[in-house]
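Here is a short briefing on how this chain is held together, written with your modelling work in mind. Have a look at the structure first, and then let's go through its packing and its charged pairs.

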Amino acid sequence: MQQRFDLIVVGAGMVGSALACALANSGLRLALLDAQSLQALPEPASASGYDPRVSALSAASEQILRAVGAWERIPAERRCAYRHMCVWDAEGTGEVRFDAHALSEQRLGHIVENWQVQNALLSVLQDESVELLGDSRVRGLVQEDAGWRLNLDDGRQLYAPLILAADGARSQVRELAGFAMREWDYLHHAVVTTVELSEPHQDTAWQRFLPTGPLAFLPLPSRDGKHYCSIVWSLLPEAAERIMALDDERFVAALAEALEYRLGPVVGADRRVCIPLRQRHAKRYVMPGLALLGDAAHSIHPLAGQGVNLGFLDAAQLADVLLAALERGENIADLAVLERYERARMGNNLAVMAAMEGFERLFHADALPLRWLRNTGMQLFDRAPRLKAGVMRQAMGLGGELPNLARG
């Protein structure tokens, strides 16, 4: 069976689905392809009722989701706005606090489960003229005169002048197309789960830098008088293995101690997941008739929760470029068109990745002068409101030139 489209988005995760939503009314014959089913994801079967995979959505990401009609479809009771952030060093006295009011904002961002964002985007797509091709795995990619042919594992062949790959950090399209990559192992694993707290989280995202790696408590909505956080604990592989082997009682005790009991004892925890951390960045995002975005183009340390926010900005920028090219009557598959997207996004992505890498290295440094320097630096930074405001606005996605979809 053969099908022809003007454009195929491969990967129906949050970033790929957002891009498909942004292009749904472009007049193009558009397909969204994914190896998984494109039916609504079910409620998580966990003790807390929350899924461990969450995202810290920036203000820019919220605006993008609003622009494509998905934000209002995320249940309000499943979105947790955080208004404060507290970051401190376990090896000293350095501490930095951020407050939304200091930026004249109502919030710094939202913590939302990934499946809720995904379902909201799929709900929008059900109402659009986008061909949804779930349970469709790519086995081959062939360049032809008129564009590209995707060979699927069920024997189908899909043709399009333009392929947009949003199929994740292990992108099949990226590998088949032969994009060169820079990648390295962080030599850390992230232990992820949801915990119940004995005290309210104070609408605050908490992050403590330990010698073994950062520990983040990300606030989730309280329910029935119970308080919850999603935790991401970055650890050396041996330490992660020990933490994963603990029974629940010893695990929650270790968590509370690692956070210095700032939220009191941890009452309980859902099943833990351990994820190896690796950074990747494509040397190019585009070639004629093909573009990478989201984790297919770059994946970073979850240190500040910026990964999906970078992906949403990729999607918004790529949509801007393609829609503007259509208005001018240009061929959207031309390399010159796609390079506008690459120029707009690569520098910003590399800058964020470099900053995260610098933070990660600085807080792992054991030398006494470096420990003194980072603690003194944190204290000075915390007393510099204008500098703090600039950094926070950048993290919220409100700094620099934004794609049209991300503008409030």
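Asp314 is buried, with a relative accessibility of 0% (buried means under 20% relative accessible area, exposed over 50% and partly exposed in between, using a 1.4 Å probe and protein chains only). This is a predicted model, in which local features need pLDDT of at least 70 and side-chain atom pairs count only at pLDDT 80 or more, while totals for chains, interfaces and linings use all residues. Residues are numbered from 1 along each chain as its sequence is written, and side-chain values use heavy atoms, with hydrogens and water left out.

- Asp314 forms a salt bridge with Arg345, and their closest N and O atoms are 2.8 Å apart (a salt bridge is a side-chain nitrogen of Lys or Arg within 4 Å of a carboxyl oxygen of Asp or Glu).
- This pair links distant parts of the chain, 31 residues apart, with Arg345 in helix 8 (residues 335-364) and Asp314 in helix 7 (helices are DSSP runs of H or I with at least four residues, strands are runs of E with at least two, and both are numbered from the N terminus).
- Arg345 counts as buried too, at 4% relative accessibility.

**Other salt bridges**

- The structure holds 24 salt bridges.
- One of them joins Arg272 to Asp248, with 2.9 Å between the closest N and O atoms.
- Arg272 sits in the loop between strand 18 (266-269) and strand 19 (273-282) and Asp248 in helix 6 (residues 248-258), so this pair ties together parts 24 residues apart in sequence.
- Arg272 is buried at 10% relative accessibility, whereas Asp248 is partly exposed at 42%.
- Glu260 and Arg262 also meet through their side chains, at 3.7 Å from N to O.
- Glu260 is partly exposed at 38% relative accessibility, and Arg262 is partly exposed at 24%.
- Through shared partners, salt bridges join Glu95, Arg97, Arg208, Glu260 and Arg262 into one network.

**Nonpolar cores**

- The largest nonpolar core has 82 residues, and Leu7, Ile8, Leu164, Leu290 and Leu322 have the most contacts inside it (a nonpolar core is a set of buried Ala, Val, Leu, Ile, Met, Phe, Trp, Tyr and Cys residues joined through side-chain atoms within 4.5 Å).
- Helix 7 (residues 307-327) gives the most to this core, with 10 residues.
- Leaving aside residues up to four places away in sequence, Leu322 touches Leu7, Leu23, Leu162, Leu164, Ile332, Val337 and Leu338 (contact means heavy atoms within 4.5 Å).
- A second, separate core of 26 residues includes Cys86, Trp88, Trp233 and Ala256.
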